[in-house]
Amino acid sequence: QVQLEESGGGLVQAGGSLRLSCTASGRNANTYAMGWFRQAPGKEREFVSAITFGGGVTRYADSVRGRFFISRDNARNTVYLQMNSLKPEDTAGYYCAADSKMTVTNNPDYWGQGTQVTVSS
């Protein structure tokens with residue numbers, strides 16, 4: 001069993017930055033691929049970014065590529081999402097995910113509770 005706890009959400013003006021953190025705890029927590037999804041009101045949850053357990057491979061949704069950057073610190077069992085040049089359309093609940101497969105799929109093994117990001121125009 002792995003528990004995921006997100007932090008770092010908040011309210012920011014368009015063009016600003018935020019850094020989300022997700023700390024994993026539990027058995028073999030640092031051996032999972034990790035990622036972030038988001039869900040805006042009235043919309044389906046969508047993939048944002050993912051990183052392999054070793055940190056060597058990253059993926060991004062087209063909508064955030066070049067603005068968001070994912071990283072992980074396995075010594076701290078923590079994955080980060082640095083979000084720059086934020087836009088109002090980035091407003092959503094952001095959810096951390098852990099997947100036992102090589103990369104994060106749309107059906108990860110574990111989800112966090114989510115953290116809200118609101119970008120004002």
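Which residue in β10 does A97 stand opposite? A97 stands opposite W111 in β10, and this pairing is one of several in the predicted model that are set out below by topic.

**Strand β9 and its partners**

- Eight of the eight residues of β9 are buried, so this strand is largely enclosed by the rest of the structure.
- Strand β4, which covers residues 33-39, is joined to β9 by seven bridges, and the two strands run antiparallel; within this pairing, G35 has A97 as its bridge partner in β9.
- Strand β11, residues 115-120, pairs with β9 in the antiparallel sense over three bridges, and here the bridge partner of Y94 is T115 in β11.
- Strand β10, residues 110-111, also pairs with β9 in the antiparallel sense, over two bridges, and A97 is the residue that stands opposite W111 there.

**Salt bridges**

- Side chains of opposite charge can pair when their charged atoms come close.
- The count of salt bridges in the model comes to six.
- D90 and R67 form a salt bridge in which the closest N and O atoms are 2.8 Å apart; because D90 lies in the loop between β8 (78-83) and β9 (92-99) and R67 in the loop between β6 (58-60) and β7, the pair ties together parts that are 23 residues apart in sequence.
- D90 is buried, with a relative accessible area of 1%, and R67 also counts as buried, at 10% relative accessibility.
- R67 and D90 belong to a network of salt bridges that also links R38 and E46.
- D62 and R65 meet through their side chains in a salt bridge with an N to O distance of 2.6 Å; D62 counts as exposed at 66% relative accessibility, whereas R65 counts as partly exposed at 49%.
- R76 forms a salt bridge with D73, their closest N and O atoms being 2.9 Å apart, and R76 is exposed, with a relative accessible area of 56%.

**R72, a buried arginine in strand β7**

- R72 lies in strand β7, which covers residues 68-73, and although R72 is buried, this residue has no salt bridge.
- The side chain of R72 does make a polar contact with the side chain of N74, at 2.7 Å, and a polar atom of the R72 side chain lies 3.4 Å from the backbone oxygen of F53.
- Leaving aside neighbours within four places in sequence, the residues in contact with R72 are N30, Y32, A33, M34, I51, T52, F53, G55, T78 and V79.

**S71, also in strand β7**

- S71 has its place in strand β7 and is partly exposed, with a relative accessible area of 33%.
- Beyond its neighbours within four places in sequence, S71 is in contact with I51, T78, V79 and Y80.
- S71 and Y60 are eleven residues apart along the chain, and their C-alpha atoms are separated by 12 Å.

**G9, in the loop between β1 and β2**

- G9 lies in the loop between β1 (2-7) and β2 (10-13), and at 31% relative accessibility this glycine counts as partly exposed.
- Apart from neighbours within four places in sequence, G9 is in contact with L20, T115, Q116 and V117.
- Between G9 and Y110 there are 20 Å from C-alpha to C-alpha, the two being 101 residues apart in sequence.

Notes:
Residues numbered from 1 in each chain as written. Predicted model: local features only at pLDDT ≥ 70, side-chain atom pairs only at ≥ 80, totals over all residues. Heavy atoms only, no water. Helix = DSSP H or I, 4+ residues; strand = E, 2+ residues; numbered from the N terminus. Buried < 20%, exposed > 50% of the residue type's maximum accessible area, 1.4 Å probe, protein only. Contact = heavy atoms within 4.5 Å. Lys, Arg positive; Asp, Glu negative; His and termini not counted. Salt bridge = Lys/Arg side-chain N within 4 Å of Asp/Glu carboxyl O. Polar contact = N/O pair within 3.5 Å; in protein donor to acceptor, adjacent residues only side chain to side chain. Pairing = 2+ DSSP bridges.
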